[in-house]
Amino acid sequence: MTYSQQALAFATLPAGHQVRLEDRVSFAYIDMAVIYQGRTGVWAMQNDEGEKSKKRIQLPAGGLAVLALGPGTSISHPAMTSLTRSGTTVVFTGTGGSNAYAAATPLTSSARWAIAQAHLVSDTEAVKTAAVKLYKRQLGIEMLPGGTVNSMRGIEGRTIRDLYQKLARQHKIMGFKRDVLSGDPVNTGLNLGNSILYGCAAAACTAIGANPALGIIHRGNQRSMLFDLADLYKPSVTIPLAFSSAAEDDPMAAVRIGVRQAIHRKKILPEMVDALMTVLSPHLPDRDDDRLVGETTESSGHTNYGDGQ
C-alpha cells in the first residue's frame, strides 16, 4: 500500500515545527480497536463488531501528547511510525493500569537538557537542591536545605499516608491499604490515574530530550524521572480522584475523565516541562552546538580531523 504525502508529512517535519507539548490534547484512551495508517493519517477502527458496523475515527497524531492503548488493541507498524515521528508518546495499558512505553521523537534536536540532567544526577549536593524544589511543588512544604533526600522521603511518606487516611474517613472506606496488586476500586483507580500521569511525564521528558531513567528522588528504574514528575500531582489529582470515584457506577471511567479535566485545568503538561527545566537549568552547558569531546577540550563537530588539524 502506498501513502499520500499528507499521511507521511511527519517523516520530514523538523522538530522545531512540531506542535508544542502545551498545545496538545493531553491523552486519548482507546481499547478494543485496530490502529492503522490510512491514506490521510492514523485511524482507529473497532474490532469487536461486524465488518459492516465497525466505527472509525481519525486520530490527531500531531496534536496528541499521549495515546493510551488498552486491552484488545493492536497497532500497525506504519501507524506506530507516524505517531512516533509526530512526537506522540504511546502507552500500552494492561490490567490494573500497568504500562510499557514506546519512545517518541523528541520535540527538540538539542541535547543540552540531557547534558544538564547528566551533570545534575552526578552531583550529590545538586540532587538535594533539586529534590527540595520538587518537594515544594508536590507538597507545598519547604524542606530544610541541609536535610538528606532520605529524610525528605520520610516526610513525603508520612504526608501521603495521612492523606490516604483522611480521604478514607471522608469517603467512608474502611480498612484501606495501598496495594498496587489489589483489585478494589480505590487501588485500581490509583493505578490507572498514576499511569496516566506517567504517560504525561514521559511526554514531558520526550519534549526536551531528557532521559526518563535518570531521576532525582527515584533511582534505579528506567522510569525514575517519570515517577519524580508524576508524584508532583498525585496528592492533588489522582489520590483524591481515586477515592471520590470509588462509589461511581464506572469508577475507572470517572478517574479517566477526572484526570483529563485536571490535566487541562492545572496545565499539567506544561507544568511538568517547567519543573524539569527549573531543576535542570542551573546545569545547562555553555554551548549548544554539535561538537566532539576530547580529553580536556571540546572541538567543533562535522569536521574531519584526519589531516592533523
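In this predicted model, buried residues make up 46% of the 309 residues in the chain.

The fold is built from nine helices and 10 strands. When contacts between residues at least 6 apart in sequence are considered, 61% of them join residues that are at least 24 apart.

The largest nonpolar core has 68 residues, and I216, L229 and L276 are the residues with the most contacts inside it. Helix α5, which covers residues 185–208, gives the most to this core, contributing 14 residues. A second, separate core has 15 residues, among them A44, L69, M80 and V90.

The neighbourhood of I216 can be followed residue by residue in the structure. Leaving aside residues up to four places away in sequence, I216 touches L120, V127, A130, A131 and L134, and it also touches M225, D228 and V279.

| Residue | Relative accessible area | State |
|---|---|---|
| C200 | 0% | buried |
| C205 | 0% | buried |

How many disulfides does the structure hold? The structure holds zero disulfides.

Notes
Residues are numbered from 1 along each chain as its sequence is written. This is a predicted model: local features need pLDDT of at least 70, side-chain atom pairs count only at pLDDT 80 or more; totals for chains, interfaces and linings use all residues. Side-chain values use heavy atoms; hydrogens and water are left out. A nonpolar core is a set of buried Ala, Val, Leu, Ile, Met, Phe, Trp, Tyr and Cys residues joined through side-chain atoms within 4.5 Å. Buried means under 20% relative accessible area, exposed over 50%, partly exposed in between (1.4 Å probe, protein chains only). Helices (H or I, at least four residues) and strands (E, at least two) are DSSP runs, numbered from the N terminus. Contact means heavy atoms within 4.5 Å. A disulfide is a pair of cysteine sulfur atoms within 2.5 Å.
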